[in-house]
Amino acid sequence: VIISNKLGNHDRQAMFLGELLAPVVNQLRSLEAAYRDPAVLMEFVGLTSAPVDSDKKTDVVDQFGQNRSSMMMVINMVLAVTRRAEAPQDLTLAQAGGFTVPLGGQMIVRNPAGAHVCSILRNLLLLAQTLNKMFNSEVKGNLNPGFAKAFDLLEVDRNNMLGLPGSRSAKNEVVYQVAKLPEPVTRMQNFVTELFENVHHLLSHFCTNIGNEFYHQ
């Protein structure tokens with residue numbers, strides 16, 4: 001994606017990014033039924049089922065792991081492209097490469113990924129809305145008791161805020177003990193946190209990187 005920024009031609013770069021994004025765009029759309037409703041999404045990712053500690057030495061498998069991986073892969077891919085794809089900074093080069101178009105009586109510079117990512121903006125907003133609804137106390141009542149702490153603040157984030165050992169701001173060697181969560185719960189906690197943060201980071205990059213095409217949707 002970064003190398004494609006050097007193409008200097010809007011249509012060529014947009015075509016490349018379109019081919020790159022097509023599989024994940026289609027997958028995000030196909031998953032809509034799973035993230036249209038918070039209760040359904042919780043079931044889809046395994047939050048309503050008992051935690052499963054997958055072990056390669058046994059036949060125990062977390063059947064919801066693939067669902068979580070698919071959703072995370074789609075969001076991370078769209079985030080990576082939205083964050084890194086850009087038009088030339090030099091206005092002369094942007095005009096020569098076809099990146100500029102008239103809009104509202106003035107010339108604007110288009111991001112070559114704009115049309116592709118804006119085509120799934122409705123899906124991304126729907127997913128963001130559903131993720132926020134998941135934190136509603138009534139919806140959280142659907143959690144399996146084993147995942148009661150899945151929505152808690154990550155331990156590393158708590159340490160950072162308190163300046164405790166293990167954080168980037170730690171100033172001393174005081175031993176800080178904390179009850180370790182079971183591995184499946186930690187894994188789910190990381191998934192929920194990362195998905196929530198990445199979806200909102202993605203929407204912020206629509207504002208800063210996609211710009212005009214986003215605001216005129």
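Reader: Which residues does Leu41 touch, not counting residues up to four places away in sequence?

Author: Contact means heavy atoms within 4.5 Å. By that rule Leu41 touches Ala34, Tyr35, Met71, Leu127, Thr130, Leu131 and Met134. This is a predicted model: local features need pLDDT of at least 70, side-chain atom pairs count only at pLDDT 80 or more, and totals for chains, interfaces and linings use all residues. Residues are numbered from 1 along each chain as its sequence is written, and side-chain values use heavy atoms, with hydrogens and water left out.

Reader: How is a nonpolar core read?

Author: In soluble globular proteins, nonpolar side chains tend to be buried together. A nonpolar core is a set of buried (under 20% relative accessible area, 1.4 Å probe, protein chains only) Ala, Val, Leu, Ile, Met, Phe, Trp, Tyr and Cys residues joined through side-chain atoms within 4.5 Å. The largest one here has 48 residues, of which Leu41, Leu47 and Phe206 touch the most other members.

Reader: Which residues line the second largest cavity?

Author: A cavity is a set of points on a 1 Å grid over the protein atoms alone where a 1.4 Å probe fits but cannot get out; lining residues have an atom within 4 Å of a point. Leu41, Val45, Leu47, Leu131, Met134, Phe191, Val192 and Leu195 line the second largest cavity. Its volume, the space filled by probe spheres set on the points, which are joined across faces, edges and corners, is about 40 Å³.

Reader: What volume has the largest cavity?

Author: The largest cavity has about 70 Å³, and its lining includes Asp62, Arg68 and Arg187.

Terms used:
Buried < 20%, exposed > 50% of the residue type's maximum accessible area, 1.4 Å probe, protein only. 1 Å grid on protein atoms, 1.4 Å probe; cavity = no way out; pocket = protein on both sides within 12 Å on 5 of 7 lines; lining within 4 Å.
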